[in-house]
Amino acid sequence: MKADLIARRISVLGATGSVGRSTLNIIADQRARNGEDSLHMVALVAKQNVADLSALAHQFRPDFVAIADTRYADDLSDALSGTGIAHGAGDAAVEEAAAREADWTMAAIMGAAGLRSTLQIANRGGAIAIANKESLVCAGALLMQTCARTGAKILPVDSEHNAIFQVLDPARRDAMVRIVLTASGGPFRTWTLDQMKTATPEQAIAHPIWSMGAKISVDSASLMNKGLELIEACHLFDASSEQIEVLIHPQSVVHGLVEYADGSILAQLGPADMRVPIASAFAWPDRIATNCQRLDLVQMAHLDFEAPDDTRFPALGLARSAMKAGDTACTALNAANEIAVEAFLAEQIGFLDIAALVDDVLNAGHPDGGPWQGAPKDYNEVFAVDALARIRAKTLLKQYQH
Ligand code: MG
């Protein structure tokens, strides 16, 4: 464990979310082990949780703090007065935070909103610990091209992709036959379609294994999360959707597997604690110690795997076909899903309507009548497709609202 290889200038975008908090937990632990000055905090960003963001700023003393929601600009100024910490509010402030030089940046802003800041990081180079799925789902090809140009290094944080990243040997990439992403199956794994029809947001959010935000918990319940992860994996590991298999693995102990030409399968196992993949991405290519609970395989006794049920969980198939159609369709899929999940959480539509609405938006195509296909030329086109798909989704949503 060579300390000099560990990143020293750090930024955390999406600091008050679940991944952001786990990241800061690791950074605090590293500071406690190696000294307060061992890691310098460059920037902290949050959407609207001004109280927690201010507390984190006082704790970590970053150079710059940004809050995306301008309604909290004054609150942030008040909370940071006298600290000498520079700060700002709104999209421009978030972009400034992302553009500031750092060796290692956690990109954990949720949703399509995280796309712009991830691009900023990719443009300036350095290591990007990427937890924002949408950056890869909506603009995977563009992001990978940008990183190749600037030398920015993508370190996947999503537990499954981090697992694959750990076991996929780039020097043996040609011998890779298949990637397996595991899914816990979520709270509705054993539910019937009839039960799922009347599932409430509370039931969908009650994830059996992982403790996560509401949006991603619903995505896990519908398996759309795994669909988005399949698209992510195609970009990250330069694989076709046919090379990626999804297996339901209720214990969530094996996070990802890679099969090689000789029949060997290498897997990464770990506790269901996001601090493990975050620590792996943080220390890469080295390892650091964490306070995470260790896996007890004897107590575990057995591990189960089953094929996903396409009838009860159509989201996976939708993601596969979007991936085949290209980044534009993936952007539309993601946008439609965000609208659908929002409506489900607001109790306007049923649980099964989420995938049905996404399917409708994919089938309906552009508001001008053309299909969602091909790859966007630039980020502006990604944002334009995202906006069009949201309009489409909001119109089609009406038929499901009760
Ligand atoms: Mg995941």
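Let's start with helix 11, residues 224-236, and helix 14, residues 315-325. Their axes come within 7 Å and cross at roughly 30°. Angles under 35 degrees count as roughly parallel, so helix 11 and helix 14 are roughly parallel to each other. The crossing of helix 11 past helix 14 is right-handed. Keep in mind that this is a predicted model.

Who makes the contact? From helix 11 come Met-224, Lys-226, Gly-227, Leu-228, Leu-230, Ile-231, Cys-234 and His-235. From helix 14 come Ala-315, Leu-316, Ala-319, Arg-320 and Met-323. By class, that contact holds 9 nonpolar, 2 polar and 2 charged residues.

Next pair. Helix 2 covers residues 50-60, and helix 3 covers residues 73-80. Here the axes come within 10 Å, and the crossing angle is roughly 30°. That makes helix 2 roughly parallel to helix 3. Their crossing is right-handed.

On the helix 2 side, the contact uses Val-50, Leu-53, Ser-54, Ala-57 and His-58. On the helix 3 side, look for Asp-75, Leu-76, Ala-79 and Leu-80. The classes are 6 nonpolar, 2 polar and 1 charged.

Now a third pair. Helix 5, residues 114-124, packs with helix 17, residues 379-397. How far apart are their axes, and at what angle do they pack? The axes are 11 Å apart, and the angle is about 170°. Angles over 145 degrees count as roughly antiparallel, so helix 5 is roughly antiparallel to helix 17.

Helix 5 brings Leu-115, Arg-116 and Leu-119 to this contact. Helix 17 brings Tyr-379, Val-382 and Phe-383.

In the lining of the second largest pocket, 14 residues are nonpolar, 2 are polar and 6 are charged.

To recap. Helix 11 and helix 14 are roughly parallel. Helix 2 is roughly parallel to helix 3. Helix 5 is roughly antiparallel to helix 17.

How values were computed
Residues numbered from 1 in each chain as written. Predicted model: local features only at pLDDT ≥ 70, side-chain atom pairs only at ≥ 80, totals over all residues. Heavy atoms only, no water. Axes fitted to C-alpha atoms, helices over the stretch in contact; angles between N-to-C directions. Helix = DSSP H or I, 4+ residues; strand = E, 2+ residues; numbered from the N terminus. Parallel < 35°, antiparallel > 145°, perpendicular 65-115°, else oblique. Contact = heavy atoms within 4.5 Å. Nonpolar A, V, L, I, M, F, W, Y, C, P; charged D, E, K, R; others polar. Left-handed = near helix turned anticlockwise from the far one by under 90°.
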